[in-house]
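Here is a short briefing for a reader new to this structure. Look at the sequence and the model first, then read on.

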2 protein chains.
Amino acid sequence: MAETKDDSGPALPPAIESAWGLRERAPKGPRPGLTVSGIVDAAVRVADADGLAAVSMSRVAKELGAATMALYRHVGSKDDLLTLMVDVGYGPSPGPAAPDDDWRTGLTRWAWAERDVLRQRPWLLHIPISGPPITPQQLGWMEDGLGCLDGTPLPEGEKMSILLLVTGYVRNDAMLANQIAEGSRAAGVEPGDMMPAYGAMLARLIDPARFPALTRVLDAGVLDQDDGPDDEFTFGLDRILDGIEALIAHRTA
Amino acid sequence: MAETKDDSGPALPPAIESAWGLRERAPKGPRPGLTVSGIVDAAVRVADADGLAAVSMSRVAKELGAATMALYRHVGSKDDLLTLMVDVGYGPSPGPAAPDDDWRTGLTRWAWAERDVLRQRPWLLHIPISGPPITPQQLGWMEDGLGCLDGTPLPEGEKMSILLLVTGYVRNDAMLANQIAEGSRAAGVEPGDMMPAYGAMLARLIDPARFPALTRVLDAGVLDQDDGPDDEFTFGLDRILDGIEALIAHRTA
DNA sequence: CTTTAATGCGTAGACCATACGCAGAACTAG
DNA sequence: CTAGTTCTGCGTATGGTCTACGCATTAAAG
């Protein structure tokens, strides 16, 4: 009985199989001119250039000089293709934490790395993820995140929960940043003028009697200038890490 | 010069105008048989029944006994309709915090209330939100959230950031819970057997030498049984609130 | 009554994903 | 060398999507 690696078991989705490179080519038939990784790369190229909305089967096929239906020999469905795009879109994890870093600097770097990827490829946020991570690169990220918590006294389950918490925060922040970026582009205003314009619109809409606390925020000039998005990100991340620190202190005591 | 309420300024989107009920009907022409709120209610009904994917213009029109193109007299585009659906989908905020509650219990109730809404209407998570909140109900939620922080010494900007942090966490958690629910339904397994199946799949895929930390998590049996989703939610929320508590303590001192 | 404007909606166009079946290529068995 | 097998690429066709445009009808104003 092998302890891990077991060949049997319920069939895992074909898309996942190809992501792990477990597909042996049948010896018969013509040599494939298209490969699944070539298709996924082309799709990523299209998404990088023109956004996720531009990723249609025909567009990807055109990118490859092939016909639309040719893709279906390799990917099964468009959703499969999107799932595979997530894997190569994230790319490999930036590597394990330095051995002499404490958990907090390690996790901070881990969070910033994911944030950088999501800024570079905003379309990753628009792909509806269909389950817990099973693709190789995603698990690589998870492995490196767990590594940051190695020296802590946390039980394994809590390490996992914490990773979920941090990655969720990063995704959410990137989503918001991306939305205001897209929104400002759609409205035709400078990204820096977005928040002030928002504040002005709110001031015009809300009744101070119905929304007293909100009015106080507006009067404080919170929205008048856009503090760098990095500050906003750092603020939230530090709150979360403070909370984790409290837990670790509690588990240590 | 009015201090707030100013009629002039850059035209705000028609969809927003109708959400605030600022559209006066022109005195000419036939009486409208369709109203924008009637259309939005019908769309919400369809989404509640068959999911967001079922919300097409023709389907909503059928719900109303009208023709597809009739809707476009009132909503402008499907994206407009979706934006309006978010507003009525969330519904009114559950109300301000009790006056003698501290910020933590207030914010906890606020977070649970949003979570309840997102469990009831998972399709809210699939609507790509296109900017900061400007619809009436959304601002009601924000107002009540700010109210929870009234007694704290935090500056207004940080109150806002904290609300963003908490609501982001709630949305992210609901998204994950919803994804595993949909995933288990698609794979045909009981929702309770989802995590164990996931663990078994991981065990089959990963190489312990490449993924040592992940293997340790698996060996600890973390994924063997599904602890209630409420526990997972509470864990993350408590970490975040701990972090906020640390900030408040720091600002108080 | 005429003018004006807004409503409902039918038609049509431009996309989209994808089920199905056929032609040909490359291998194996005889 | 030939026949059989199997996989590749892809053309066609179907049913779905959103929505631009124009027309007939309705209701009020002058």
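A rotation of 180°, with 0.0 Å of shift along its axis, superposes chain B on chain A, and the RMSD is 0.0 Å. The two copies are thus related as by a two-fold rotation axis. In chain B, the C-alpha nearest that axis belongs to G243(B), 2.0 Å from it. Keep in mind that this is a predicted model.

**Where the two chains meet**

- The contact takes 55 residues from chain A and 54 residues from chain B.
- On the side of chain B that touches chain A, five elements are listed as giving two or more residues: α7 (136-148), α8 (156-187), α9 (194-205), α10 (212-219) and α11 (229-252) of chain B.
- The largest share of this side comes from α8(B), with 12 residues.
- Sorted by class, the side of chain B that touches chain A has 30 nonpolar, 13 polar and 11 charged residues.
- The copies meet through the same surface, because 100% of the interface residues of chain B are also interface residues in chain A.

**A closer look at α10(B)**

- Four residues of α10(B) are named as buried: L214(B), T215(B), V217(B) and L218(B).
- They cover an arc of only 155° around the axis, so they sit on the same side of α10(B).
- What do the buried residues of α10(B) pack against? Their partners are α7 (136-148) and α8 (156-187) of chain A, together with α9 of chain B.
- Just after α10(B) comes G221(B), which takes a positive phi of about 75°.

**Around DNA strand C**

- DNA strand C is surrounded by 25 residues.
- The closest are S56(A), G29(B), G33(B), A67(B) and M69(B).
- Helix α3 (residues 57-64) of chain A gives the largest share of the surface near DNA strand C, three residues.
- The residues of this surface divide into 12 nonpolar, seven polar and six charged.

**Around DNA strand D**

- DNA strand D is surrounded by 25 residues.
- Here the closest are G29(A), G33(A), A66(A), A67(A) and M69(A).
- Helix α3 (residues 57-64) of chain B gives the largest share of the surface near DNA strand D, three residues.
- The residues near DNA strand D comprise 12 nonpolar, seven polar and six charged.

Terms used. Residues are numbered from 1 along each chain as its sequence is written. Chains are lettered from A and ligands numbered from 1 in the order in which they are written. This is a predicted model: local features need pLDDT of at least 70, side-chain atom pairs count only at pLDDT 80 or more; totals for chains, interfaces and linings use all residues. A residue is near a molecule or strand if its C-beta atom, placed from the backbone, lies within 6 Å of it. Ala, Val, Leu, Ile, Met, Phe, Trp, Tyr, Cys and Pro count as nonpolar, Asp, Glu, Lys and Arg as charged, and the others, Gly among them, as polar. Two residues are in contact if their C-beta atoms, placed from the backbone, lie within 7 Å. A residue is buried if 20 or more other C-beta atoms lie within 10 Å of its own, exposed if 12 or fewer, and partly exposed in between; C-beta atoms are placed from the backbone. The arc is that of the directions from the helix axis to the C-beta atoms. Copies are superposed by least squares on the C-alpha atoms of residues with pLDDT of at least 70 in both.
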